[in-house]
Amino acid sequence: RLRGSGPREVYAALHGTTSDPFGLQPRARLRLEIHELRKWDKNQVQLVLHRQAIRLAAALGKTEAVERLRGDIESCTIALVSLQRVGCSYEHCRGLVERAGLAWGPDVENKLSRLRRQRQRSRANELNWMKETLLA
């Protein structure tokens, strides 16, 4: 049973859910590799789905589900910040995290650093593979 709003309002809220503040400009998309773009798209869809689920759970009065979903949303948010971080400043990334509804702290910073290192290793491995394959 919906609390405080009817089905039309809930539908409008679900339909209007966006992935703000995350969005890549065409030039920023060129900085990412193909597999990174796929991760971006996947995490952006996951973020929208989580936000919709939170709105629906809130409309149904399921506070436990809302809290659990807010915890689950962190991983896709941090992944998006990490991918959007390519070519952006520390302050900009911090602003993205805060506008997305997460609290900036050492935990978030460590997760972003870990994802950045993973991406650097992945790019280095791919570059080495291309060198070996193409120059062999």
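Modeller: Happy to! The largest nonpolar core has 25 residues, and F22, V81, V97 and L112 touch the most other members. A nonpolar core here is a set of buried Ala, Val, Leu, Ile, Met, Phe, Trp, Tyr and Cys residues joined through side-chain atoms within 4.5 Å. Buried means under 20% relative accessible area, exposed means over 50%, and partly exposed lies in between (1.4 Å probe, protein chains only). Two or more residues of this core come from each of α3 (34-59), α4 (63-84), α5 (90-99) and α6 (106-135). Among these, α4 gives the most, with eight residues.

A word on the origin of all this: the model is predicted, so local features need pLDDT of at least 70 and side-chain atom pairs count only at pLDDT 80 or more, while totals for chains, interfaces and linings use all residues. Residues are numbered from 1 along each chain as its sequence is written, and side-chain values use heavy atoms, with hydrogens and water left out.

Now zoom in on V81. Leaving aside residues up to four places away in sequence, V81 touches F22, C93, L96, V97 and L112. A contact means heavy atoms within 4.5 Å. F22, V97 and L112 were also named above, with V81, as touching the most other core members.

E36 sits in helix α3, and E36 counts as buried because its relative accessibility is 1%. With residues up to four places away in sequence set aside, E36 touches R31, L83, R119 and R123. E132, by comparison, lies 96 residues from E36 in sequence and 22 Å from E36 in space, C-alpha to C-alpha.

Let's step back to the whole chain. Its secondary structure comes to six helices and zero strands, where helices (H or I, at least four residues) and strands (E, at least two) are DSSP runs, numbered from the N terminus. Buried residues make up 32% of the 136 residues. Of the contacts with a separation of 6 or more, 69% join residues 24 or more positions apart. The C-alpha trace spans about 65 × 30 × 25 Å along its principal axes. The chain has a radius of gyration of 18 Å, whereas a compact globule of 136 residues would have one near 14 Å; this radius is taken over C-alpha atoms, and the globule rule is 2.2 Å times the number of residues to the power 0.38.
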